[in-house]
Amino acid sequence: MNEEFYQALEDLEKERGIPKDYMLEKIRQALTAAYHRENPTAGDNVEFAMDPETSVLQMFAVKTVVEEVTDPTAEILHERAKALPGYSKCAIGDIVKVRLETKSFTRIAAQTAKQVIIQGIRESERGAIYREFASREQEILNTQVYKIDRKTGAVILTIAGKNEEQTLLLAPAEQIKGEIYSEGQHLKVYLVGVMKGVAGNAKTAKGPQLQISRTHPGFIRKLFESEVPEVYDGTVEIVSVAREAGSRTKIAVRSNDEAVEPVGACVGPKGARVNNVVDEIAGEKIDIIKYSEDPAEYVAAALAPATVLSSVMSEDGKVCEVMVPDDQLSLAIGREGQNARLAAKLTGYKIDIRSKSFVK
């Protein structure tokens, strides 16, 4: 090793925050492994001493001083031990360090140190990316469409990071059905979570994996938060969201201020606020209903836009029996049962819908 090497470690610590001692330990471990590959018969008692002050890196075999050697890799004769620099007064049973000389050591050390430094930089970059985006989980990211994989349907997005641009993958399952994307298009996505990635060698190592979506219910929450000040500041609370992306969403809201009407706040003047959200999700229909602590009342509201004549909870509190006008039955159930299904998901109750004439 040389002064340039130690200077590189110091620069790495200052610029990227990777402790020099951490990198030196990584290099020590790597060199130990490299030495054993070159010397399969060597024992496990090999050590490296690195002195930043003198820029000297040496390799030693740690041995026990004995009168008669039975294991050459771990033991040394007393007379030979006393001849070693600094061990003239050693006694039987003492531990000494015998310097090892090898022609290939310098080459191995240089290559290994280089690899460890490169790996350290990669780990630092991955760590910085993870920390940056982990703090933004369950938030909306503003991205741009870079490329569309026509074969798989995946959309490759880019987003500006603190240090450099990052690439994200929007899988087909996380895309709104029927939505068409184009290269260069600006697109909002919901950051579901961040995984640290898979460690490996330089060719296979992967950095943090960002799980993004446009179909997640959380995306709706954050869109309303960005459009409705009352939702952003907590005056209006989104209690529940039920969504079938690309088709319909139902949200239940309540106000923490008696002076603020929650549904009206989310709809906005002339429907401006909810329309902005609808525009972002490709025209997906949104039903905004007022939450109620009364389960029967809550279920009745959740079946909007259908009109409910009566709603009664079962004795066990798990099923709500609902009666609707004859001409509202299909509307209450919805196409392929969607309206009833979303209402049940929104409220958490099983819903039994019947028409007025059927009840008679």
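Predicted model: local features only at pLDDT ≥ 70, side-chain atom pairs only at ≥ 80, totals over all residues.
Figure 1. Residues are numbered from 1 along each chain as its sequence is written, and side-chain values use heavy atoms, leaving out hydrogens and water. How many disulfides are there by the rule used here? The count comes to 0, where a disulfide is a pair of cysteine sulfur atoms within 2.5 Å.

Figure 2. Take a moment to get your bearings: the protein chain has 12 helices and 15 strands. These are DSSP runs numbered from the N terminus, helices being H or I with at least four residues and strands E with at least two. Of the 360 residues, 39% are buried. The chain exposes about 20800 Å², and carbon and sulfur atoms supply 48% of that area, computed by the Shrake-Rupley method with a 1.4 Å probe and, for residues, with only the protein chains shown as cover. Looking at contacts between residues at least 6 apart in sequence, 56% join residues at least 24 apart; a contact means heavy atoms within 4.5 Å.

**Figure 3. Helix H9 meets helix H11.** Helix H9 covers residues 295-302 and helix H11 covers residues 338-347. Their axes come within 9 Å and cross at roughly 145 degrees; axes are lines fitted to C-alpha atoms, for helices over the stretch in contact, and angles run from 0 to 180 degrees between N-to-C directions. The crossing is right-handed, a label given when the near helix is turned clockwise from the far one by less than a right angle, with anticlockwise giving left-handed. On the H9 side you will find Tyr298, Val299 and Ala302, which meet Ala343, Leu346 and Thr347 of H11. The residues of this contact divide into 5 nonpolar, 1 polar and no charged. In this scheme Ala, Val, Leu, Ile, Met, Phe, Trp, Tyr, Cys and Pro are nonpolar, Asp, Glu, Lys and Arg are charged, and the others, Gly among them, are polar.

**Figure 4. A closer look at Ala343 in helix H11.** Is Ala343 buried or exposed? Ala343 is buried, because its relative accessible area is 0%. Setting aside neighbours within four places in sequence, Ala343 is in contact with Lys250, Ala302, Leu303 and Ile351. Leu303 is 40 residues away along the chain, yet the C-alpha atoms of Ala343 and Leu303 are separated by 5.7 Å.

Figure 5. Most residues other than glycine have a negative phi, and most peptide bonds are trans. Against that background, start with the cis peptide bond that joins Ala304 and Pro305, where omega is about 15 degrees. Pro305 sits in the loop between H9 and strand S13 (310-313). Next comes Lys270, which is not a glycine but has a positive phi of about 55 degrees. Lys270 belongs to the loop between helix H7 (262-267) and helix H8 (272-280), and is exposed, with a relative accessible area of 87%. Glu336 also has a positive phi, near 55 degrees. You can find Glu336 in the loop between helix H10 (329-333) and H11, where it counts as exposed at 73% relative accessibility.

**Figure 6. Val46 in strand S1 and Gln115 in helix H4.** Val46 is found in strand S1, residues 46-51, and counts as buried because its relative accessibility is 7%. Which residues does Val46 touch, not counting those up to four places away in sequence? They are Thr32, Tyr35, His36, Met59 and Phe60. Ala61 is 15 residues from Val46 in sequence and 4.6 Å from Val46 in space, C-alpha to C-alpha. Gln115 lies in helix H4, residues 105-134, and is exposed, with a relative accessible area of 56%.

Terms used
Buried < 20%, exposed > 50% of the residue type's maximum accessible area, 1.4 Å probe, protein only.
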